Amino acid sequence: SPASVLIEAWPHGKPVLTNRASPLRFNPAHTGDIAILALSATHIVGVDIEALNRTIDHQALSQRFFSAREHAEFERVAPAARNEAFLARWTCKEAVAKAAGKGLRMPFNRIEVSAEPHRQPRLLSLADSDARDWTLHAIDAGSVYTATVALHRSS
């Protein structure tokens, strides 16, 4: 019954089902008036979605939140493609941070991802975790959004 579904929050706010009889893991995300929900019975999940029409200071945010290697790669992206390239990488990082249960409190420059256009993203390195235990998937969220789901193999 709905009353038996208990949802609590981890210390950094990630919602979790507290009914241990269910292996279901979930994570929500939203931007503007659109939302997305990732569900898994086999993996810890995190998801993020961003609107591509956002006006952001790519240069400053890339320097602050990307690793040195990611920032150098981002600097080589054509100016017309930077918004989409930045937000695609950002959704990867935020999905990983949310799956890890830390959200925006996690240092994003310590989550290193490969987010090349027209390829599935990959987690290259993550402080205190083996990147091989993670899978990232770009989600087709339409032409005005970019979204990524991160899956961490449960132990």
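Tutor: Let's start with pairing: two strands pair if DSSP finds at least two bridges between them. Helices (H or I, at least four residues) and strands (E, at least two) are themselves DSSP runs, numbered from the N terminus. This is a predicted model, where local features need pLDDT of at least 70 and side-chain atom pairs count only at pLDDT 80 or more, while totals for chains, interfaces and linings use all residues. Residues are numbered from 1 along each chain as its sequence is written, and side-chain values use heavy atoms, with hydrogens and water left out.

Student: What makes E5 and E9 a pair?
Tutor: DSSP needs at least two bridges, and E5 is joined to strand E9 (residues 145-153) by 9 bridges. The two run antiparallel, so they count as an antiparallel pair. One spot to look at is aspartate 48, which stands opposite threonine 148 in E9.

Student: What is the strand order in the open sheet of 3 strands?
Tutor: The order is E5-E9-E8, with antiparallel pairing.

Student: Why do E5 and E8 stand at the edges?
Tutor: Strand E5 (43-51) and strand E8 (134-139) each have a single partner strand, so one side of each has no neighbour in the sheet. From one strand to the next, the twist averages 15 degrees. Helix H3 (residues 82-99) packs on this sheet, touching E5, E8 and E9. Its direction makes about 145 degrees with that of E5; such angles run from 0 to 180 degrees between N-to-C directions, with axes fitted to C-alpha atoms, for helices over the stretch in contact.

Student: Why is the link between arginine 54 and glutamate 50 called a salt bridge?
Tutor: The rule asks for a side-chain nitrogen of Lys or Arg within 4 Å of a carboxyl oxygen of Asp or Glu. Here the closest N and O atoms are 2.5 Å apart, so the pair qualifies. By this rule the count comes to 7 salt bridges.

Student: What makes arginine 153 and aspartate 133 a bridge between separate parts?
Tutor: The salt bridge has its closest N and O atoms 3.2 Å apart. Arginine 153 lies in strand E9 and aspartate 133 in the loop between strand E7 (122-126) and E8, so the pair ties together parts that are 20 residues apart in sequence. Arginine 153 has 47% relative accessibility and aspartate 133 has 25%; each counts as partly exposed. Elsewhere, salt bridges that share partners join Glu70, Glu73, Arg89 and Lys93 into one network.

Student: Why is histidine 152 called buried?
Tutor: Its relative accessibility is 18%, so it falls in the buried class. Histidine 152 lies in strand E9. Leaving aside neighbours within four places in sequence, histidine 152 is in contact (heavy atoms within 4.5 Å) with His43, Ile44, Ser129, Asp133 and Trp134.

Student: What makes aspartate 128 stand out?
Tutor: Aspartate 128 has a positive phi of about 65 degrees although it is not a glycine. Most residues other than glycine have a negative phi. Aspartate 128 lies in the loop between E7 and E8 and, at 79% relative accessibility, counts as exposed.

Student: How do you know that E3 and E4 pair?
Tutor: Strand E3 (residues 25-31) and E4 share 7 bridges in the antiparallel sense. In their hairpin, which has 2 residues between the strands, glycine 32 takes a positive phi near 55 degrees.

Definitions and conventions:
Buried means under 20% relative accessible area, exposed over 50%, partly exposed in between (1.4 Å probe, protein chains only).
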